Protein chains: 2
Amino acid sequence: MSQCDVGYHRRMARWQPDARGRLEAAAFELFRERGFEQTTVADIAGRAGLDKRTFYRLFGDKREALFSGSAHLEEVLAKTVAETDAGPFEVVIAAFRRVAEEIFADRLELVRARQAIIESSPELQERELRKTGSLVAAVTAALRAKGLDESTATLATESGATVFRVAYARWVAPGGDVPLTDLIAEVATELRAITSASG
Amino acid sequence: MSQCDVGYHRRMARWQPDARGRLEAAAFELFRERGFEQTTVADIAGRAGLDKRTFYRLFGDKREALFSGSAHLEEVLAKTVAETDAGPFEVVIAAFRRVAEEIFADRLELVRARQAIIESSPELQERELRKTGSLVAAVTAALRAKGLDESTATLATESGATVFRVAYARWVAPGGDVPLTDLIAEVATELRAITSASG
DNA sequence: GTGCCGATGTCACCTTGCGACATCACGCTA
DNA sequence: TAGCGTGATGTCGCAAGGTGACATCGGCAC
């Protein structure tokens, strides 16, 4: 810290492209290697060849590095809701199935690794819940834009999201490899059955 | 820091009873007065006549001071599930209605104030989501203890929780004052209708 | 009284997250 | 080529969250 400090050390490649992507990759690696809590933001930035402060300029917080995909998810959901013509619940289910095909299919291993990280940390679980909530809000808004009333839109979205959550949990669980789309359809059917059973 | 430090200032009442309750009350007041983020843990502890370190010994973190009731909620839910005899979905609905009567009824104003605090902070929203998730897990476990299979228990719980969430949101929303129990029954009916509609 | 023990205070520390400011790399223009 | 923006980055400092280690106090058993 006192020797050799007159710096020719500024070979440091400022201006590397895709800082955001490199930070996401570094975070993912480190979370897998050491766990989320054992990884500091400085570690992540360091591995990406950047500074801690830069990380915080690109991500709201440490958790956010794991959730960059959710914006895209939201777009696909909203677009599908807008384009699909059917009953409210069916529209929502269709939207989630679209997402399952376009985004999740072919990425089972990646998703499982990611999910393992999330499940290892309460903080990340909370963030995931919040992201899901944000998705729900987007779908509800898209439904309302089609002229549905608030309460129908909300309930259709919430129940569709429930179906997705349950199907997703089964898909990610180790063992099976049934396509997520199929699981969503199955669970939707089960939901109909369970709610209409007389108690 | 250098003058008058020989302390007779230890009049400080160590050993005041109900430290936990006083901290919760102080936190609630301060969150309402200044907002969650503008309140430091030291502020809360100070108002309760205690030290920051003591707060952290009684609560896992700053958010937790607002969620002490959820343990009791969990007990009531689990007990009702165990005692009620009906179809899985109906059992879950019954449990949430019991909670609505025993815990929420007569506290609308308090609940609204609390909810206003929560909605003002993303951090608190995340924590609320997590608490809800924990409740869901407890109900699922109680259902499984009655002999139901994993997937039925999960789906019944999740859909019941969805009904509760929607009903709760309507109840807390300003304006109405229909009892929460009634709202839960209404929403359950709506859910049956919406899922069985042909798309 | 003596001594144990649990609840509390004190202190030091690391990390998160952010504001303020200095720098660097690049493109543009004369 | 020099000079000048401009935006992305690094550096510095700091408030607050959260925790471990240790000192201290109050009561209680003996």
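What covers the buried residues of α1(B)? The cover includes α2 (41-47), α3 (52-58) and α6 (108-119) of chain B, where helices are DSSP runs (H or I, at least four residues) numbered from the N terminus and buried means under 20% relative accessible area with a 1.4 Å probe, protein chains only. This is a predicted model, in which local features need pLDDT of at least 70 and side-chain atom pairs count only at pLDDT 80 or more, while totals for chains, interfaces and linings use all residues. Residues are numbered from 1 along each chain as its sequence is written, and chains are lettered from A in the order in which they are written.

**Helix α1 of chain B**
- In α1(B), the buried residues are B:A19, B:L23, B:A26, B:A27, B:F28, B:L30 and B:F31.
- Just after α1(B), B:G35 adopts a positive phi of about 95°.

**Interface of chain A and chain B**
- Contact, meaning heavy atoms within 4.5 Å, involves 29 residues from chain A and 29 residues from chain B.
- A:E126, A:L155 and A:I194 supply 26% of the area that chain A buries against chain B, more than any other three residues, buried area being the accessible area (1.4 Å probe) that two parts lose on being put together, summed over both.

**Charged pairs and contributing helices**
- The interface holds six salt bridges, each a side-chain nitrogen of Lys or Arg within 4 Å of a carboxyl oxygen of Asp or Glu.
- One of the salt bridges joins A:R127 to B:E126, with the closest N and O atoms 2.5 Å apart.
- Elements giving two or more residues to the side of chain A that touches chain B are α5 (88-104), α7 (122-144), α8 (150-172) and α9 (180-196) of chain A, and the largest share, 11 residues, comes from α8(A).

Conventions: Heavy atoms only, no water. Buried < 20%, exposed > 50% of the residue type's maximum accessible area, 1.4 Å probe, protein only.
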